[in-house]
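This report concerns charged side chains and their partners. The structure is shown first.

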Amino acid sequence: MTNINWLEEVEKRKEALIKDTQGLLQIKSVLNEEEATPVAPFGKGIEESLQYLLHKGKNDGFITKNVDHYAGHIEHGQGDELVGILCHVDVVPEGDGWTDEPYSASIRDGKIFARGAIDDKGPTMAAYYALKIVKELELPLSKRVRIIIGTDEESSWQCVDHYFKKEEMPTMGFAPDADFPIIYAEKGLGDIRLQMRMAQTETAGTVKLLAFESGRRLNMVPDHAKATVEVDGSMEDASHAFNLYIEEKGLEGGYTKEGNALILSIKGVSAHAMEPDNGKNAGYYLAEFLHSQALDANGAAFVSFVAEKLAFDSRGKKLGIAFQDDITGDLTVNTGIFSYNSSTGGTLGVNIRFPVTCDIEATREKIKAAAEAGGFELSKYEVAPPHHVPQDHALIQKLQKVYEEQTGEKAELLSIGGGTYARSLEAGVAFGALFPGREDVAHQKDEHIFIDDLVKATAIYAQAIYELAK
C-alpha cells in the first residue's frame, strides 16, 4: 500500500482531529511552580495535558509511557531504530487582550483560537493523528516511531534533560514546533556576564554616575534605559547636551531633576537577540551619551567599555570575535542587561549567537582578553552548542521529498539564530507547523491555527512518519 492519499485520510478524521485538538487546548498548561509535586513537577495543568495525550494513546492501542511526569511517549512500530517526534504541551502565560477566553479553543473564520494553538498543542495533535493514521492503515514499518511529549519547553527544558537520562535517543527525528519547510541549522547560544572591577582610588569628574539600568532579558534588545547622575556644575548644560543628543539621534527620551541629580531616560526599540539590528538598544545610546561627559573614574570605566567594545556592533568586531560561515551566517552580539551602581559596581549581560563552525572556546578567550583590558572580568560563560544536520542526511532528503509532494512547493532549508526544540535530538530538525506566509502568532494574543493548516500538516506528518520508518 504505497499510493496513499494522505490528505484524504486526514479528511476522513477531520472532525475528530478538531475535537481532540480543542480538548487539549482547553487545558491551561502554564508552568506553576507553586503547585509542583512529585506527580506534577510543573503544575497541575501541565500534568493534565500530559495525561490527556497518554490516555488517548493508550485507548488507541499505542504503547505509552510516563517518564516520572517530566515527559512521556507514545510509540508504534517495531525495529531497532527509533524515529522521534519531539512535541510539548506546556504553554506560555496567556496575557491580556484576547477576543475570546484564551482556553476556549473557539472556532472563528476557519481558525482555532487558544493559547498553544500553534505553539505547540495544535502541531502536537497533528503529529498524533499522523501516527494514528499510519497505525490504522496497518502500514508495515521497519523502525519504531515515538512521539515524545515534553512539559517544560517554554522555560528550562528540564523535561527533555530528564527524559533522555532515562530513555534512548532517537536515530533521527523532527520537532513540529517551528516553521515549514525545514530548519536544519541553528546557531549556538551563549549567555555571558561581565563584572566590572571598581577603581581603588576614585577620581572626580564634573558628573558622577550614580546608577545605570537597561534591559531585563539577555535574548532581547533593551527598549528602555535610565541613568542617574550627580552634576557638580551646570544642570542646564548637562540637560541641554542630553536634549541635543536625543534630538540628533531621533530618539524619544527625557530627564527629570531631583536636587543636584539628573535622571536621564531613553526609549529604544525591542527586538529578538537573534538579529539585534532589528531593534534600537536603548542602553547603547545612553552609554554613548554619557561617554561624552566628564564622568567619575568608575562611571567612565563602565560606559567607556560599553561604548568602545559593545555599542552598535552586533557582529562582534569591537570585541575581536567577528565570524561567519555559509551555514548559519554571522555571529551576533546583543547586550541585553546593563546594571551599574556607584557603590557596588557594574555588570553587563551579553547574548552571543555562534555560527555552526565557530570555535566557541577561542571566542571565549578573546572575550576574556577584551574584558580584562577594559577593566572587566568574564564571570559567566554558558554555551549551548550549535545544532546542524548535514543537507545530504537521509532525514533531510526524505522530509524535503514529503514536503514537496504534499505542497507542490520547494522545500527550502532554513538556518536560524534562535533555538528550537529540535536541538534536543542528536539528528533532528524543526519541521513545521507554521506554513510560509502565515503570521507567527505564537506567544501573542489571539494565538490561532488555521484548520486547513492543521489538516495539511497532519497529512505531511503522516507521510513523513511512513517515509522515515517504512
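The sections below treat one arginine and then the salt bridges of this predicted model.

## Surroundings of Arg146

Arg146 is part of strand 6, which spans residues 144-150. Its relative accessible area is 5%, so Arg146 is buried. The side chain of Arg146 makes a polar contact of 2.6 Å with that of Glu75.

## Glu167 and Lys65

Glu167 and Lys65 form a salt bridge, with 2.5 Å between the closest N and O atoms. Glu167 sits in the loop between helix 5 (158-166) and strand 7 (172-175), and Lys65 in strand 1 (residues 63-67), so the pair ties together parts 102 residues apart in sequence. Glu167 counts as buried, at 13% relative accessibility, whereas Lys65 counts as partly exposed, at 39%.

## Arg115 and Glu447

A salt bridge of 2.7 Å, N to O, joins the side chains of Arg115 and Glu447. This pair links distant parts of the chain, 332 residues apart: Arg115 is in the loop between strand 5 (111-113) and helix 4 (121-136), and Glu447 in the loop between strand 23 (433-434) and strand 24 (448-450). Arg115 is buried at 1% relative accessibility, and Glu447 is buried with a relative accessible area of 0%.

## Other salt bridges

The whole structure has 28 salt bridges. One of them joins Glu382 and Lys380 at 3.9 Å, N to O; Lys380 is partly exposed, at 22% relative accessibility. A network of salt bridges links Glu9, Lys12, Arg13, Asp60, Lys132 and Glu136.

Note on methods
Residues numbered from 1 in each chain as written. Predicted model: local features only at pLDDT ≥ 70, side-chain atom pairs only at ≥ 80, totals over all residues. Heavy atoms only, no water. Helix = DSSP H or I, 4+ residues; strand = E, 2+ residues; numbered from the N terminus. Buried < 20%, exposed > 50% of the residue type's maximum accessible area, 1.4 Å probe, protein only. Polar contact = N/O pair within 3.5 Å; in protein donor to acceptor, adjacent residues only side chain to side chain. Salt bridge = Lys/Arg side-chain N within 4 Å of Asp/Glu carboxyl O.
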